[in-house]
Amino acid sequence: MNTPRSPEPQSDDQDGAFVPTPAASHRFPRLAVAVAALALALTACGGTATTPGSSAPAAAAVPDRLEPLPAPQPALPVTVPSADGAQVTIASADRIVPLSGSLNEIVHTLGLGNQVVARDITATFEQAAQLPVVTRGHDVSAESVLSLRPTLVVAETTSGPAEAVQQIRDAGIPLLVIAPAKGLDDVPKRIDAVAAALGVKEAGTQLNQRTADRIATVRKDIPAASGKKPRVAFLYLRGTASVYLLGGSDSGASSLLEAAGAVDTGKDSGLGKDFTPITSEALAAAAPDAILVMSKGLESVGGIDGLVKIPGVAQTPAGMDRRVVTVDDGVLLNYGPRTDQVLSSLVTQLYGRLR
């Protein structure tokens, strides 16, 4: 997932949250969704929903589990293009180290979870819980990766520091870099890229079809438009670090919100970059009917009671009516095999809250 920027890029902290760092990129590569309260249906990802007058989202007691395909037999060796311009030859998928939660999720869901030997801090789903962590804060630890004797390392364009990535390559380990995802159209591309590298193209095709079918099913359930589309502002919050940002056209959320039949107010207001500091003027111009936040972000500001104290929030239609939609940090912008669940949660919460 991958990380919000503006005025600086961000990356994940030790609890899977995000704080500004100059080393990360334009969206959430790491960034378990379910709906709870107001009779909203729970999904398998562990997200939450809020109710009017509540100070925090209701907890959802749903396991954060993946739904893997049957284990395929990799057809290796293969040589595949890497997003950094290299050609990478992979002879074995016996010991895989994915360097982001999103990539780890794809490998597991393709049916090769038993061959994954490590995780980064953002791989929070249940099947990865016991794997050793090979990141230190924001950074990949080359020593930790190499100690696990991987036969393949799969990285994001944002994985770093560059010295650690190069150290892994210098040790002779095949290291494949996968391009980031900014929207729904990138889901099949990332699945295909990982499946090709693992020598399981057929499993990739199957997973892409399953994912596309499920997303299509969710979209059929979106209420028919009657009048204007709901306007949603995506806010990135880290109260402990005094980080309060409004998502723009490059935040990564626009594709999901538009697929849910909503308008991304940051994009609609002409915010051309990923994130910009929240101001009363920007929120007034956005005039959101609902606010989308990540669950840890909402928690970090003290729930809805704290959210409406952020300058300008209480004066928006969303703030006045306390309409807040929450999705777990570790899955919101992953754009992978569970994107249908993210979209389903957005649709259920959004239209439930606007009735």
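**Surface and sheets**

Modeller: The chain exposes about 13,500 Å², of which carbon and sulfur atoms supply 52%, with areas from the Shrake-Rupley method and a 1.4 Å probe. This is a predicted model, in which local features need pLDDT of at least 70 and side-chain atom pairs count only at pLDDT 80 or more, while totals for chains, interfaces and linings use all residues. Residues are numbered from 1 along each chain as its sequence is written, and side-chain values use heavy atoms, leaving out hydrogens and water.

Colleague: How much of the chain is buried?

Modeller: Of its 355 residues, 60% count as buried, meaning under 20% relative accessible area.

Colleague: And which order do the strands take in the open sheet of 3?

Modeller: The order is 5-8-9 with parallel pairing, where strands are DSSP runs of E of at least two residues and a pair needs at least two DSSP bridges.

Colleague: Why is one side of strand 5 and of strand 9 left without a neighbour in the sheet?

Modeller: Strand 5 (96–98) and strand 9 (175–178) stand at the edges, so each has a single partner strand. Strand 8 (residues 152–156) pairs with strand 9 over 4 bridges, and Val154 stands opposite Leu176 there.

Colleague: Changing topic, what covers the faces of strand 14, buried or exposed residues?

Modeller: Buried ones: Ala290, Leu292 and Met294 lie on one side, Ile291 and Val293 on the other. Strand 14 also pairs in the parallel sense with strand 10 (residues 231–238) over 3 bridges, and with strand 15 (residues 324–327) over 4 bridges.

Technical notes: Buried means under 20% relative accessible area, exposed over 50%, partly exposed in between (1.4 Å probe, protein chains only).
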